Amino acid sequence: MPTSTEISHSALHTHFAEVKQQIKHAAEAANRSIDSIALLAVSKTKPASAIAELYGAGQRQFGENYVQEALDKITELHELTDIIWHFIGPLQSNKTKDVAENFDWVHSIDREKLVRRLNDQRPAKRGPLNILIQVNIDNEASKAGVGLHDINALAASIASADRLQLRGIMAIPNPEATAKEQEHSFQQLQKAYRQLQEQHSEVDTLSLGMSNDLELAIKYGSTMVRVGTALFGARNK
Ligand SMILES: *Cc1c(COP(=O)(O)O)cnc(C)c1O
């Protein structure tokens, strides 16, 4: 029997099918193509075996929040060479080297110093590191991210860095906000994303939506939903 924190394989497969269905329905409701929305499986606190299981079912993109925990899993799963690893947690500058060397994407860039360090530390042989600017859309003190007015300057610096590829914006809207406030935040993000695309034609990713708000995110143009709990169950401590 699996322990209470370790999801059974059959439950994982059921959740995977359900989440994909939910994305499909949200895409249809928004009159969008299902192919325009990627699923990022957020595997923080979950064992490498759960990632391998979902990989076996066809999932390739995985998101991790803690550098050391992620490195352990990346090492353990090194034979699955086409996994795409996304770093989505708060990034301290003393951890940028590990991230530059081991990940394919970073969603949480909110300052110049991280841009400089990641660019310097990205190994040339790995190709450009894909970068999303984290936007603190609801000005929450507890969250990382730049304000809407600071996106352009940071985008320009990422776009001019040789070993980085600017891809777009990531945000975590406040789940406690009222429905009306939430709609407003999602709308502002969609607008900021479109403005960024006008200035940087390479921008193609709006990383928005988690287990509880992925439908709203898809309504407002998300191209990548980051789903943890709905796939893997509640987080392990
Ligand atoms: C943990 C986390 C997620 C997944 O959240 P769920 O509510 O479990 O789907 C998504 N994005 C970020 C940045 C996270 O830290």
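This is a predicted model: local features need pLDDT of at least 70, side-chain atom pairs count only at pLDDT 80 or more; totals for chains, interfaces and linings use all residues.
User: Which residues in H6 and H7 meet?

Analyst: On the H6 side they are Ile 151, Asn 152 and Ala 155, and on the H7 side Ala 192, Leu 196 and Gln 199.

User: How many aromatic pairs does the count come to?

Analyst: Ring centres within 6.5 Å make a pair, and by this rule the count is 3 aromatic pairs.

User: Why is the pair of Phe 62 and Trp 85 called tilted?

Analyst: The ring centres of Phe 62 and Trp 85 are 6.2 Å apart, within the 6.5 Å limit, so the two rings pair. Their planes stand at 45°. Under 30 degrees would count as stacked and over 60 as edge-to-face, so 45° leaves tilted as the name for Phe 62 and Trp 85. The pair also links distant parts of the chain, since Phe 62 is in strand E2 (residues 61–64) and Trp 85 in strand E3 (residues 84–87), 23 residues apart. Both Phe 62 and Trp 85 are buried.

User: What makes Phe 186 and Tyr 220 an aromatic pair that is tilted?

Analyst: Phe 186 and Tyr 220 are 6.4 Å apart, centre to centre, with 35° between the planes. Phe 186 lies in helix H7 (residues 179–199), and Tyr 220 lies in the loop between helix H8 (214–219) and strand E8 (224–227), so the pair ties together parts that are 34 residues apart in sequence.

User: How do you know whether Tyr 220 is buried or exposed?

Analyst: Buried means under 20% relative accessible area. Tyr 220 has 8% relative accessibility, so it counts as buried. Phe 186 has a relative accessible area of 0%, so Phe 186 is buried as well.

User: What sits over the ring of Tyr 55?

Analyst: It is the charged end of Arg 60, 3.6 Å from the ring centre. The distance part of the rule is within 6 Å, so 3.6 Å meets it. Another case is Lys 20, which lies over the face of Phe 16 at 3.9 Å from the ring centre.

User: Why is Lys 24 called partly exposed?

Analyst: Lys 24 has a relative accessible area of 37%. Under 20% would be buried and over 50% exposed, so 37% falls in between. Lys 24 is found in helix H1 (residues 9–29).

User: How do you know whether Asn 31 is buried or exposed?

Analyst: The relative accessible area of Asn 31 is 73%, over the 50% cut-off, so Asn 31 is exposed. Asn 31 is in the loop between H1 and strand E1 (38–42). Its phi is near 60°, a positive value in a residue other than glycine.

User: And what of Asn 139, buried or exposed?

Analyst: Asn 139 has 66% relative accessibility, over 50%, so it counts as exposed. Asn 139 is found in the loop between E5 and H6, and its phi is near 50°, again positive in a residue other than glycine.

User: How do you know whether Asn 136 is buried or exposed?

Analyst: Asn 136 has 10% relative accessibility, under 20%, so Asn 136 counts as buried. Asn 136 is found in the loop between E5 and H6. Not counting residues up to four places away in sequence, Asn 136 touches Lys 143, Ala 144, Gly 145 and Val 146.

Notes:
Residues are numbered from 1 along each chain as its sequence is written. Side-chain values use heavy atoms; hydrogens and water are left out. Rings of Phe, Tyr and Trp (its six-membered ring) pair if their centres lie within 6.5 Å; planes under 30 degrees apart count as stacked, over 60 as edge-to-face and the rest as tilted. Helices (H or I, at least four residues) and strands (E, at least two) are DSSP runs, numbered from the N terminus. Buried means under 20% relative accessible area, exposed over 50%, partly exposed in between (1.4 Å probe, protein chains only). A charge sits over a ring if NZ of Lys or CZ of Arg is within 6 Å of the ring centre and within 35 degrees of the ring normal. Contact means heavy atoms within 4.5 Å.
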